[in-house]
Amino acid sequence: MSKMKKIDYHGYFFIIPFFLIFITFTIYPILLTFYYSFTSYTGMGDPEFIGLANYARLVTDPYFFSAFYNTMYIWGINFGFQLGIALLLTVLFSDIRLKMKGLGFFRAAFYLPNLITIASVALLFGILLGWHHGTINHLLLDLGIISQPINWLNDPTTARWSVGLIGAWMWFGHTFIILMAGVSGISKDYFEAALIDGASRWQILSNVTLPLLKPIMLYVLITSLIGGLQIFDLPMLITDGMGAPEGSLNTMVLYLYNQAFKFNNYGYAAAVAYGLFLITVLFSLIMFKSMYRKNVKEG
Amino acid sequence: MKKDKVVKGIFYTLLILLVIISFIPFYMMIVNATRSNGDILQNGFTLLPGGALMENYDILIQYMNLWRGFANSLVIAVAVTLLSSYFSALTAFGFAVYNFKGRNALFILMLILMMVPGQLGLIGFYDLIQTMGFLDTYVPLIIPPIASPFIVFFLRQYLATTMHPSLLEAARIDGAKELTLFHKIGLPILMPAVATMAIFTFIGSWNNYILPLVVLFSPEKYTLPVMLGALRGSQVAQNLGAMYLGIAISVVPIMIAFLFLSKYIITSISAGAVKE
Amino acid sequence: MNNVGCSMKKWLLLFVVSLLGVGTLSACSNNSEEASGSSEDTLTIWSFTDELEEPIEVFKEVHDVEVELTIIPIEDYPTRLKPVLESGTEAPDVFTGELAFIKEWVEQDYWEDLSQEPYNVEDIEDDFVDYVFDLGRDSEGTVKALSWQTTPGGIYYRRSIAEKVLGTDDPEEIGERMSTMDGMFEVGEELKSAGYRLFPDEGAVRWFSQGQDPQPWVNENDELIMTDGRMNHFDYAKELREKDMTAFAPEWSPAWFEAMDGPVSYNAGWDEVDEKETKAEDEVEVFGYALPTWGLHSVLKTNVEETAGDWAVTNGPNSYFSGGTWLGIYKDSDKKDLAWEFVKMMTHDKEFLTDWAMETGDVLSYLPVTEEIKSEFSEDFLDGQNNYTFFLEEAKSIDSNIVTRYDQQIDTMFGNAVGEYVEGTKTKEEAIDEFYNLVQNAYPQIKVPNQ
């Protein structure tokens with residue numbers, strides 16, 4: 001890059017198709033949605049401009065807040081278990097004294113649930129978790145773990161935990177692969193040096209492995225959060241599509257979808273979309289900031 | 001040393017247990033797919049398959065041809081992967097090789113918009129597709145992924161570190177045209193990175209649910225996830241065996257494909273993560 | 001410069017070609033679809049049930065045409081169909097409407113006007129049960145859709161269980177015993193002590209909680225109406241649960257269907273069973289199902305093998321009606337003649353309808369046929385009972401004015417509210433309050449009582 005590149009307009013021809021499509025199918029819809037968020041558009045007739053009424057409703061809408069709460073609740077369980085299990089596995093497989101074998105097999109086995117279409121996963125658990133006739137209850141009863149069938153998907157707490165844990169089940173393998181990739185990026189010299197210094201397993205973990213994995217863990221955290229805020233397929237298909245039981249699986253995108261495509265309140269749904277967007281931006285900013293502050297401290 | 005062996009034994013046991021947990025839902029699915037509704041309801045959990053596979057298949061296929069959904073999803077995912085790979089490479093090449101006015105501004109704009117969640121424009125998108133007359137076609141599923149900022153970003157970073165401008169200069173002196181340069185030099189260099197991204201694109205398109213749910217209406221055009229969603233609340237859902245079979249049909253081929261591709265997929269994920 | 005121009009042209013060409021490529025790809029599928037769809041003799045029909053499958057076979061034979069039937073589950077049916085009807089691309093020639101949304105749809109410009117030439121359905125108005133014909137009219141009186149059925153409801157029950165526990169299987173006597181809520185619960189108690197369950201789930205009583213004076217969900221002033229009957233439904237449902245009179249088989253679930261054909265596993269009282277040291281309670285049999293006319297052929301007959309012939313139908317504490325399928329011609333169809341032939345066959349073809357009624361036991365709304373067959377009717381599935389006279393009598397008390405366009409969604413929300421109360425997760429007041437809020441949230445224009 002040190003050489004002065006001369007101006008060359010060929011570049012435009014290469015990027016024009018991208019921007020044509022991008023402007024038409026991404027930017028224009030976003031602006032159009034913004035416009036609709038100020039109207040009472042119902043999908044029929046002309047949209048009527050109603051100013052900030054949709055946003056006024058949004059900030060006082062208990063269902064939007066509960067959708068936010070549910071989304072974070074489910075994501076929290078999902079992420080906690082996903083990262084926890086993946087981290088344990090990573091520590092186990094990166095321990096150079098133990099020299100665990102079979103990484104290739106385990107990685108593949110744990111990753112598999114992530115490849116399955118979420119719709120299949122949702123339907124599968126929707127019936128496996130049935131009450132009196134669900135196979136999981138039958139299994140747990142046979143094993144003597146429970147004495148009464150549990151109505152998993154009919155109680156807000158067990159329903160949220162179920163969805164959160166299913167999410168973790170789907171994603172821990174993926175996170176494990178990424179963390180292992182991060183570890184293999186760490187030079188072996190660090191570990192060997194630590195070993196020679198006579199460091200204990202715990203010291204190696206807390207002084208070498210974890211600090212070096214921090215950036216990649218933050219990457220996992222941010223991608224998982226942005227994905228988690230948009231969780232839709234699983235809560236939609238595992239119960240009635242409206243967030244049952246008691247609205248506990250009503251996530252933000254499910255709420256957006258139902259307002260728009262079930263009740264035809266397009267205008268309000270557009271405002272919900274922007275609410276969701278603001279929340280996403282806010283969370284991303286907070287995280288970037290905390291990441292930056294930590295780096296400064298350590299530096 | 002001995003202590004280590006015991007510890008290792010415990011760890012392996014735990015790992016195997018985790019593998020079992022990962023697989024048991026699939027196992028229940030496959031077993032139940034071969035059992036009749038009455039068998040599942042009355043006899044509960046079992047490890048042994050039943051004999052109602054064909055009956056279940058008849059019930060399922062009479063209502064909905066899941067194989068059609070498979071084919072639809074495949075056509076869409078392949079088209080999306082090819083188009084987005086080609087055009088992303090093209091765009092990345094433009095950004096990496098040429099120096100033109102507004103290049104950096106456009107690139108940064110693209111990066112910012114990369115952060116915007118897909119659902120933000122959903123309502124406007126639906127309205128646009130309706131106005132264009134593309135509802136109930138595959139156009140809204142196949143064309144928009146041509147512009148995938150993340151892939152462009154990834155490929156541009158890759159090009160910036162792997163391609164020497166001198167390569168291009170030499171070819172230019174030989175009289176090659178710019179597009180030829182891209183096809184003959186840029187694309188081959190980019191291939192490994194394109195392949196990595198292609199996997200994600202394919203999986204993403206294959207699993208996409210909300211977009212086809214919103215824009216497709218005719219059942220024979222449904223993608224696999226939308227077909228599965230439509231099984232819920234249909235008469236197939238009256239029969240647990242048939243329902244399990246429907247889910248199994250959507251899952252088992254993916255498992256088989258994964259058997260052959262797992263190494264490649266996992267390498268791609270690792271590469272994608274480290275290159276960030 | 002030459003290079004630029006040339007590569008640009010090439011490049012544009014490539015771009016356009018690739019766009020076209022995809023365009024043709026989708027156009028291809030469109031064309032092939034249309035090619036099969038628009039050929040002279042293929043009629044496309046959309047519906048939410050499979051009950052048209054057999055009539056379609058008949059129609060295909062009589063007219064020597066192809067018919068494509070597309071079935072979409074009812075919860076998605078309106079959302080899927082509406083955009084297709086509005087855009088007109090690949091819209092069906094004939095489509096059905098369910099009772100829950102018929103009111104809304106006749107007001108839209110989707111169905112062909114059947115009052116005019118060449119259909120002239122006004123001429124045959126007197127041949128139909130009044131309410132059925134009227135529901136197909138829009139607010140200006142134009143008929144848009146017809147139906148072949150009438151849908152009063154009753155309670156279908158197992159004769160062998162009745163005989164064993166109640167000492168008789170006679171529909172009249174059992175109907176007499178169940179003609180009040182108290183009576184019905186008494187019967188439930190008797191069944192319970194003999195090891196049987198009155199109903200598969202709590203939802204079954206919703207028809208009888210309404211009482212003799214059912215009201216629409218939303219009145220003409222956009223106000224949500226909460227009647228005493230609806231309030232009572234909470235208590236009746238809870239009573240059923242507490243007295244253990246159901247088999248925990250929720251409506252339309254696999255267990256619900258399974259319970260029609262014999263015992264289903266029942267392990268709610270797992271602990272209890274151990275204490276009593278009996279295994280008898282592992283399985284339980286259901287006595288009755290509250291279903292309308294069509295429940296006989298499209299629910300019971302299609303899901304029952306073992307218990308066929310062991311059924312009878314009688315009245316509950318009050319009359320009710322539920323569901324019904326109307327059909328009409330899409331206004332922009334290019335095969336209106338053929339489409340009309342189908343509608344005609346389905347709704348007022350004497351020969352076809354007679355066969356249909358004899359075979360399925362469906363209760364028709366076409367009087368020339370019902371008059372002819374009702375007195376002699378005998379249904380094998382119901383052990384020879386004449387369900388026709390029973391249901392035609394019940395049909396007299398149908399008031400179609402209680403149907404609103406909100407019914408499907410509001411019924412679902414109400415059912416959930418009752419469920420939450422029955423489960424004990426909410427008090428009655430909380431559940432009702434939550435129900436109002438949900439309705440308000442989905443339909444901001446509706447005024448709810450708690451505001």
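The model is predicted: local features require a pLDDT of at least 70, side-chain atom pairs count only at pLDDT 80 or more, and totals for chains, interfaces and linings use all residues. Residues are numbered from 1 along each chain as its sequence is written, while chains are lettered from A and ligands numbered from 1 in the order in which they are written.

**Confidence in chain B**

- Within chain B, confidence is lowest in helix H2 (residues 37–43), at a mean of 84, and highest in helix H7 (residues 139–142), at 96.
- Helices (H or I, at least four residues) and strands (E, at least two) are DSSP runs, numbered from the N terminus.

**Annotated spans in chains A and B**

- UniProt, in an unreviewed entry, places the feature "domain: ABC transmembrane type-1" at residues 68–287 of chain A; UniProt positions follow the numbering used here, feature names are shortened, and annotations may be inferred rather than shown by experiment.
- That span of chain A is 75% helix and 0% strand, and its end C-alpha atoms lie 18 Å apart.
- For chain B, the unreviewed UniProt entry gives the feature "transmembrane region" at residues 9–30, 74–98, 105–126, 138–160, 181–203 and 243–266.
- Residues 243–266 of chain B are 100% helix and 0% strand, with end C-alpha atoms 31 Å apart.
- Residues 105–126 of chain B are 68% helix and 0% strand, with end C-alpha atoms 29 Å apart.

**Chain C: overall and strand E5**

- Chain C contains 19 helices and eleven strands.
- Strand E5 (residues 153–158) of chain C is largely enclosed by the rest of the structure, because six of its six residues are buried.
- One side of E5(C) carries C:Gly153, C:Ile155 and C:Tyr157, and the other carries C:Gly154, C:Tyr156 and C:Arg158, all of them buried.
- E5(C) runs antiparallel to strand E9 (residues 288–292) of chain C, with five bridges, and C:Gly154 stands opposite C:Leu291 of E9(C).
- E5(C) also runs antiparallel to strand E10 (residues 311–314) of chain C, through four bridges; there C:Tyr156 has C:Val313 as its bridge partner.

**Chain C: the open sheet**

- Five strands of chain C form an open sheet in the order E2-E1-E3-E11-E4, with mixed pairing; two strands pair if DSSP finds at least two bridges between them.
- Strands E2 (66–71) and E4 (146–147) of chain C stand at the edges, each with a single partner strand, so one side of each has no neighbour in the sheet.
- Strand E1 (residues 42–47) of chain C runs parallel to E2(C), joined by six bridges, and C:Thr44 has C:Glu68 of E2(C) as its bridge partner.

**Where chain B meets chain C**

- In total, 28 residues of chain B are in contact with 28 residues of chain C, contact meaning C-beta atoms, placed from the backbone, within 7 Å.
- On this side of chain B, the elements giving two or more residues are H2, helix H4 (66–97), H7 and helix H10 (178–207).
- H2(B) gives the most, with four residues.

Technical notes: pLDDT = per-residue confidence, 0-100. Buried ≥ 20, exposed ≤ 12 C-beta atoms within 10 Å, placed from the backbone. Contact = placed C-beta atoms within 7 Å.
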